[in-house]
Amino acid sequence: MNNMELVKSKTILSKVKYGNDWYGVDYNMNLYRGCPHGCIYCDSRSNCYHIDNFDIPKGKENAINILEKELSTKKEKGVIGIGSMSDTYSPVELKYEQTRSALKLISKYKFGVSIDTKSDLILRDIDLLKEINSKNNVIIKLTITTASDELSKIIEPNVCVSSRRFEVIKELTDNGIYTGIMMNPVLPFITDTEENIKELVRLAHLAGAKFIHTYMGMTLRENQRDYYYEKLDKYFPKLKETYISYYKESYNCSVPNYKKLYKVFTDECDKYGILYNMKDIIKDYKKEIKDNEQISLF
């Protein structure tokens, strides 16, 4: 593996501007720019994020030193979100261990962590996740969009298949790590079937997933839309024309059968006792650490 290109960055941590109602996250952190997973729908390809050569991940210069300075001066020991823009467990992490180094600091300074990923490489860091979990809150979100491994190979070509991600959930939950699924995006006319939703929820239950969250649709904007349509032409001939006719230039593209499909989804989750409401998810994963703190007082 060639040396990774580094980009200059003055800060690593940023305070979230939307309040902590998105998985209870207080800070955001992206250790890499770009991602090699090749997911055909990735919103981070959008021009507004200004990431050139998105498929080649780049690191941030002096990231770990900057992060330590920032963590050491923060008074609020909140939850740090990792991986919202690019998967923090892409293959370059095997060599550079930026994420593992960051988790060591998060543990040292007693912050919590919220990680988004599609990669089984996260299992390497179970020891640190358990360590952080003993001091603060931890929530892991595996993105799974389809129950079908064959379809996942098409829409998410350079990352482990869906069945492997369910195995990752099982291993994390078996180790006491609060883990669930981001069923985002739901691709109109591709993954928006009752069969896919029901099977995905069933497999989530078998894996011990605590929650599944979805917004039952996808986003499409400049550059991201062009890339997605190019892949539709390749793998789903004539579907691009359906999208253009149905969504035109819309950014938020909810699935056509939104209400019916969401009802199917929530009914299945209720059947298995899986959470899906964001407030319930936040309350559920954050309460354990509070209970532990109360116990320790006595």
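Here is a short walk through this predicted model, from its sheets to its pocket and its cores.

1. Some ground rules. Residues are numbered from 1 along each chain as its sequence is written, and side-chain values use heavy atoms, with hydrogens and water left out. This is a predicted model, so to speak: local features need pLDDT of at least 70, side-chain atom pairs count only at pLDDT 80 or more, and totals for chains, interfaces and linings use all residues.2. Start with the seven-strand sheet. It is open, runs in the order β2-β3-β6-β7-β8-β9-β10, and has mixed pairing. Strands here are DSSP runs of E with at least two residues, numbered from the N terminus, and two strands pair if DSSP finds at least two bridges between them. The edges are β2 (13-15) and β10 (212-213), each of which pairs on one side only.

3. Now look inside that sheet. Strand β3 (residues 27-29) runs parallel to β6, and three bridges join them; Tyr27 stands opposite Ile80 in β6. Next, β6 and β7 pair in the parallel sense over four bridges. Ile80 stands opposite Val113 in β7, and Ile82 stands opposite Ile115 there. The pairing of β7 with β8 is parallel too, over five bridges, and Ser114 has Ile139 of β8 as its bridge partner.

4. How many residues of β7 are buried? Six of the six are, so the strand is largely enclosed by the rest of the structure. Buried means under 20% relative accessible area, with exposed set at over 50% and partly exposed in between (1.4 Å probe, protein chains only). In a regular strand the side chains alternate between the two faces of the sheet. In β7, Gly112, Ser114 and Asp116 point one way and Val113, Ile115 and Thr117 the other, and all are buried. Both faces of β6 are covered as well: Val79 and Gly81 are buried on one side, Ile80 and Ile82 on the other.

5. Asp116 deserves a click. This residue of strand β7 is buried, with a relative accessible area of 12%. Contact means heavy atoms within 4.5 Å. Leaving aside neighbours within four places in sequence, Asp116 is in contact with Ile82, Gly83, Ser84, Asp87, Lys141 and Met182. Asp116 and Ile82 are 34 residues apart in sequence, yet their C-alpha atoms are 6.4 Å apart in space.

6. Then try Thr143, in strand β8. Is Thr143 buried or exposed? Thr143 is buried, with a relative accessible area of 8%. Beyond its neighbours within four places in sequence, Thr143 is in contact with Tyr41, Thr117, Lys118, Arg165, Met182 and Asn184.

7. On to the largest pocket, which has a volume of about 930 Å³. Of the 38 residues that line the largest pocket, the closest to its centre are Asp43, Ser44, Ser84, Asp116 and Met182. On a 1 Å grid over the protein atoms alone, a pocket is an open set of points with protein on both sides within 12 Å along at least five of seven lines, whereas a cavity is a set where a 1.4 Å probe fits but cannot get out; lining residues have an atom within 4 Å of a point. Points are joined across faces, edges and corners, and the volume is the space filled by probe spheres set on them.

8. What is the lining of the largest pocket made of, by class? There are 16 nonpolar, 15 polar and seven charged residues. Ala, Val, Leu, Ile, Met, Phe, Trp, Tyr, Cys and Pro count as nonpolar, Asp, Glu, Lys and Arg as charged, and the others, Gly among them, as polar. Strands β6 (79-82), β7 (112-117), β8 (138-143) and β11 (217-219) each supply at least two residues of this lining, and the largest share, three residues, comes from β7.

9. The nonpolar packing comes next. A nonpolar core is a set of buried Ala, Val, Leu, Ile, Met, Phe, Trp, Tyr and Cys residues joined through side-chain atoms within 4.5 Å. The largest such core has 57 residues, and those with the most contacts inside it are Met29, Leu103, Ile106, Leu129, Leu172, Ile181 and Ile212. A second, separate core of 17 residues includes Ile40, Leu220, Tyr228 and Tyr229. Setting aside neighbours within four places in sequence, the contacts of Ile212 include Ile181, Met183, Leu200, Phe265 and Tyr276.

10. Finally, the other sheet. Three strands form an open sheet in the order β1-β5-β4, with mixed pairing; β1 (6-7) and β4 (32-33) are its edge strands. β4 pairs with β5 (residues 58-60) in the antiparallel sense over two bridges, and the bridge partner of Tyr32 in β5 is Gly59.
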